[in-house]
Amino acid sequence: MVARSCSRPEPVPPASKTVAVIEGDDAAPEAMRPVVALLDELRLGVRWTYPPVGARAERETGSTFPPAAKAAIDAADTTLFGSTSGKSGAALSYLRWGKETYANVRPCRHMPGCASPLATPAGIDFVIVRENLEDLYVGVEGALRDLAPLNLIGRTTRRPVHALGEGCYAVKAITERGTERVVRFAFELARTRAQTPERAGSRQPKVTCATKHNMLPGTDGLFLGVAREVAKAYPDVEFEFFIVDDFACRMIREPQRLDVVVMPNQYGDILSDAAGGLLGSLGLAPSGCYGHDYAYFEPAHGTAPDIAGKGVINPTATLLSATMMLAHLGLAPAARRIEEAVARVYAEGANLTPDQGGTATTQAFCDAVARALG
Ligand code: IPM
Ligand code: MG
């Protein structure tokens, strides 16, 4: 329970923002519920709604994403989403492709006390901006034999792709518009980060682009080409680029060199989990997905089915996603206070969940954050 400084209930301000909560699958609701309770206790004027989504909606309406769920998301100022392993997937698709949330922002920031596998994790503080809507995730796959009428000759194999044997293909689509908007977002974010009080004047903002342009000159070559063009409009921001496999090595060897990293969808998906691993757990990796007129927030994923029902999932990623959400809603001071409280709980180390080497339950961790908030 949240510690209060006096026993009389404080007046609840009128709700000024509405947040749609989708708890997610497997162990995800076990992280989401105490996080929402914690935020609710802070009386920030947030009203929570629960769109009917996933397994329960399916039992009640026959659909995992009935029209009422879409309407609730549309009516809310934003959505806080747990993780999905399937049943909440249709809602996730709507939040991404339906709402055109093209920039998936995944911060990777070391907190002293978290169980990083690195010998020197201090100072890790970068953000992956993952293009969120294109690439191999446009969802076009099929049988290779269906490509026979096109007679597509592989640049490397020099043979018709349909003649390789029985198999499947996937379409990787990268557009100029989709790339330009996410790269601009990354440069703007680099500028904004450089102005935050803890970073101001400490180093030049930087954007790093990672692509496989050597093997994929068409698609990834386009992504890199657009990034290089956009970079010209930001002379105050350093720009560098690496082949993505080389980048993966650098991200592990010298993560402190990174600031903002922009990548096509699939590399961003994979490497943001790896970035969570650098910190010590996927349970530490928050994210926010931003479009022109909607944004939603979700941990960088993993529904932890192996620990579902045990009450020990690490809620940090969900909580830090919620602080990104609060900042988006204009409640940055509250977001900062919560982040500082989370950092104190890690520094103190007495109430950490098992993935961090502790024995605390999810609720005990959240209670410790509430106490740290005072
Ligand atoms: C993520 C996840 C999702 C993705 C899955 C759950 C569809 O891995 O957000 O990183 O692939 O984008
Ligand atoms: Mg992922």
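Predicted model: local features only at pLDDT ≥ 70, side-chain atom pairs only at ≥ 80, totals over all residues.
Taken alone, ligand 1 exposes 320 Å², of which the protein buries 71% (Shrake-Rupley accessible areas, 1.4 Å probe). Oxygen atoms of ligand 1 also lie 2.8 Å from a polar side-chain atom of R106 and 2.7 Å from one of R130. The surrounding residues, with a heavy atom within 4 Å, include T84, L92, R96, Y137, A300 and H301.

Residues are numbered from 1 along each chain as written, and chains are lettered from A and ligands numbered from 1 in written order. Local features need pLDDT of at least 70, side-chain atom pairs count only at pLDDT 80 or more, and totals for chains, interfaces and linings use all residues, while side-chain values use heavy atoms, without hydrogens and water.

The largest pocket has a volume of about 1100 Å³. A pocket is an open set of points on a 1 Å grid over the protein atoms alone, where a 1.4 Å probe fits, with protein on both sides within 12 Å along at least five of seven lines; lining residues have an atom within 4 Å of a point. The volume is the space filled by probe spheres set on the points, which are joined across faces, edges and corners. Of its 31 lining residues, P107, R109, R199, M324 and E339 lie nearest the centre. Because domain 1 (1-114 + 281-374) and domain 2 (116-135 + 172-279) both contribute to the lining, the largest pocket lies between them; the domain bounds come from an automatic or database assignment.

Key:
Polar contact = N/O pair within 3.5 Å; in protein donor to acceptor, adjacent residues only side chain to side chain.
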